[in-house]
Amino acid sequence: ILLAVLHLPQTYLDGAVFLTKDKQPIIAMTLRYDRIDNFWFVLLHELGHLTLGHLSGERSWIADDLDLANSDFIQEQEADGFASAALFPTDFDLDATLHLTSRDVISYARAHGVHPAIVAGRIQYKRNNFRIFANLVGRGEVRKQFII
C-alpha cells in the first residue's frame with residue numbers, strides 16, 4: 001500500500017514505512033519536496049527498508065527525514081544504498097564531471113534508461129548545489145498525480 005499524505009507544517013518527514021498487525025507493509029510519503037527525483041528516491045528508500053528486513057521483531061515502523069545525515073544509523077545507510085543501486089548504474093560518475101550541461105544530463109539519462117530528473121537530482125545532492133539543473137528535477141510534477 002502506498003499513501004501520499006500532506007506534508008505537516010514544521011515537520012521534516014519525507015516518508016515512512018510500517019507494518020500493520022497482519023504484517024501488511026504500508027509506505028507513506030509526504031511529498032515534502034514536490035520533485036520527480038525526490039519521489040523516486042524516497043519511495044525506493046522506504047522499499048529498501050522492507051526488502052532489507054529492517055522491520056522485524058519489535059520494530060514495526062520507520063519514519064525518515066532524508067535531509068538528516070544518518071551516518072549513525074546503518075539501516076538508513078543501507079536503505080540509501082538500496083535506493084541508489086536501483087536508480088543508478090554502479091559506475092555512475094556523472095556527478096564528478098566538472099563541466100556539465102543540461103544536454104549532458106539528458107543524454108546520460110536517455111542512454112541509461114532513467115528519467116533526467118533522477119540524474120539531475122543526484123548531481124545536485126552530491127554537489128550540494130540545488131540550483132544547478134533545477135529545471136530538470138521535475139519540480140511541481142508529483143503532487144498533482146495524487147489526490148491529497
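Visitor: Is Phe39 buried or exposed at 11% relative accessibility?

Guide: With 11% relative accessibility, Phe39 counts as buried. The cut-offs are under 20% relative accessible area for buried, over 50% for exposed and in between for partly exposed (1.4 Å probe, protein chains only). This is a predicted model, in which local features need pLDDT of at least 70 and side-chain atom pairs count only at pLDDT 80 or more, while totals for chains, interfaces and linings use all residues. Residues are numbered from 1 along each chain as its sequence is written, and side-chain values use heavy atoms, with hydrogens and water left out.

Visitor: How many aromatic pairs does the structure hold?

Guide: Rings of Phe, Tyr and Trp (its six-membered ring) pair if their centres lie within 6.5 Å; planes under 30 degrees apart are stacked, over 60 edge-to-face and the rest tilted. The structure holds four such pairs. In one of them, Phe39 and Phe146 have 5.9 Å from centre to centre and 45° between the planes, which makes the pair tilted. Phe39 lies in helix H1 (residues 36-51) and Phe146 in the segment after H4, so this pair ties together parts that are 107 residues apart in sequence. Phe146 counts as partly exposed because its relative accessibility is 26%.

Visitor: Which kind of pair do the rings of Phe92 and Tyr108 form?

Guide: Their centres are 5.3 Å apart and their planes stand at 80°, so the pair is edge-to-face. Phe92 lies in the loop between H2 and H3 and Tyr108 in helix H3, so the parts tied together are 16 residues apart in sequence. Phe92 and Tyr108 are both buried.

Visitor: Which residues of the largest nonpolar core touch the most other members?

Guide: Two terms come up here. A nonpolar core is a set of buried Ala, Val, Leu, Ile, Met, Phe, Trp, Tyr and Cys residues joined through side-chain atoms within 4.5 Å. Helices (H or I, at least four residues) and strands (E, at least two) are DSSP runs, numbered from the N terminus. The largest core has 17 residues, and those that touch the most other members are Phe92, Leu94, Val105, Val119, Ala120, Ile123 and Phe133. At least two residues of this core come from each of helix H2 (74-87), helix H3 (102-112) and helix H4 (116-127). H4 gives the most, with four residues. A second, separate core has 15 residues, among them Ile27, Leu31, Leu43 and Ala117.

Visitor: What is Phe133 in contact with, leaving aside its neighbours within four places in sequence?

Guide: Contact means heavy atoms within 4.5 Å. With those neighbours set aside, Phe133 is in contact with Leu100, Thr101, Ser102, Val105, Ala120, Ile123 and Gln124.

Visitor: How many salt bridges are there?

Guide: Side chains of opposite charge can pair when their charged atoms come close. The rule asks for a side-chain nitrogen of Lys or Arg within 4 Å of a carboxyl oxygen of Asp or Glu. By this rule there are four salt bridges. One of them joins Asp34 and Arg143 at 4.0 Å, N to O. This pair links distant parts of the chain, with Asp34 in the loop between S3 and H1 and Arg143 in the segment after H4, 109 residues apart. Asp34 counts as buried at 14% relative accessibility, whereas Arg143, at 36%, counts as partly exposed. Another salt bridge joins Arg35 and Asp37 at 2.8 Å, N to O, and both of these residues are buried. Lys144 and Glu141 also meet in a salt bridge, at 3.2 Å, N to O. Lys144 counts as exposed because its relative accessibility is 55%, while Glu141, at 34%, counts as partly exposed.

Visitor: What is the phi of Leu31?

Guide: Most residues other than glycine have a negative phi, and most peptide bonds are trans. The phi of Leu31 is near 55°, a positive value in a residue other than glycine. Leu31 sits in the loop between strand S3 (25-29) and H1, and at 4% relative accessibility Leu31 counts as buried. Asn128 is not a glycine either, and has a positive phi of about 50°. Asn128 lies in the segment after H4 and is exposed, with a relative accessible area of 63%.
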